[in-house]
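Please look over the model below before reading the notes.

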Amino acid sequence: MGTKLKIWKQGPFYPNLGKKIIELPYNVSPGPADLRVSVDDASAPIDPLGNFLDFPYTSEQLDAIHTFGVMRSLIDIYDDLAGTLIVWPWNTEKYTSPLKAIITQDGINACYLADKHTILLENFYQGQEKIYQCQSTDTVIHETAHAILDSLKPHWRKGDPLTKGFTESFADLA
């Protein structure tokens, strides 16, 4: 069956590009969340057909849906390229925890926090305009790519400056 989600093609700052519907080939729980990705404090319900489409969502719920959809789409692409499921480096046979996205209202950063199994997406003001990092497809992909590379090469995150530079380049190109 699967789950459909409506996400920004590039973010609301490019309104002419609009939104698109993606279909994930598995069921997604309210939040949205699944065993591999969750959005912290998200409370978006599924619509009557089991999707995240045109339900009367709040702006915070729409941000969570967009963030989850972008993260899962990129992870699915890398799963296909690797020919196997990407396994988060913090997971073991006895302990599994999803990669979390945390959307906060204060700060100016977006980063992957490996020790917290988290992608942090802070919202901030630039003059009078509020910037929502979670709405930027590029930003969400970049930080998710750090988590994926950390899964493939867990020690590179703590490597020398050239290796760290490569991880940034990898995330930029994702």
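This is a predicted model: local features need pLDDT of at least 70, side-chain atom pairs count only at pLDDT 80 or more; totals for chains, interfaces and linings use all residues.

Residues are numbered from 1 along each chain as its sequence is written, and side-chain values use heavy atoms, with hydrogens and water left out.

**Helix 3**

- Helices are DSSP runs (H or I, at least four residues), numbered from the N terminus.
- Helix 3 covers residues 161-173, and its 13 residues should span 18 Å at 1.5 Å a residue. The expected span is 1.5 Å times one less than the number of residues. The end C-alpha atoms are 18 Å apart, which agrees.
- Thr163, Thr167, Phe170 and Ala171 of helix 3 are buried (under 20% relative accessible area; exposed is over 50%, partly exposed in between; 1.4 Å probe, protein chains only).
- The buried residues of helix 3 pack against helix 1 (59-82) and helix 2 (137-152).

**Aromatic rings**

- Rings of Phe, Tyr and Trp (its six-membered ring) pair if their centres lie within 6.5 Å; planes under 30 degrees apart count as stacked, over 60 as edge-to-face and the rest as tilted.
- The count by this rule is 6 aromatic pairs.
- Trp88 and Trp90 have ring centres 5.6 Å apart and planes at 15°, so the pair is stacked. Both Trp88 and Trp90 are buried.
- Trp156 and Phe166 have ring centres 5.5 Å apart and planes at 80°, so this pair is edge-to-face. The pair links distant parts of the chain, 10 residues apart: Trp156 lies in the loop between helix 2 and helix 3, Phe166 in helix 3.
- Trp156 counts as partly exposed at 32% relative accessibility, and so does Phe166 at 41%.
- Tyr78, Trp156, Phe166 and Phe170 are linked into a cluster by ring pairs.

**Asp79**

- Asp79 lies in helix 1. Asp79 is buried, with a relative accessible area of 7%.
- The side chain of Asp79 reaches the backbone nitrogen of Ile86 at 2.7 Å.
- Leaving aside neighbours within four places in sequence, Asp79 is in contact with Arg36, Thr84, Leu85 and Ile86 (heavy atoms within 4.5 Å).

Conventions:
Helices (H or I, at least four residues) and strands (E, at least two) are DSSP runs, numbered from the N terminus. A polar contact is a pair of N or O atoms within 3.5 Å; within protein, one must be able to donate a hydrogen and the other to accept it, and residues adjacent in sequence count only if both atoms are side-chain atoms.
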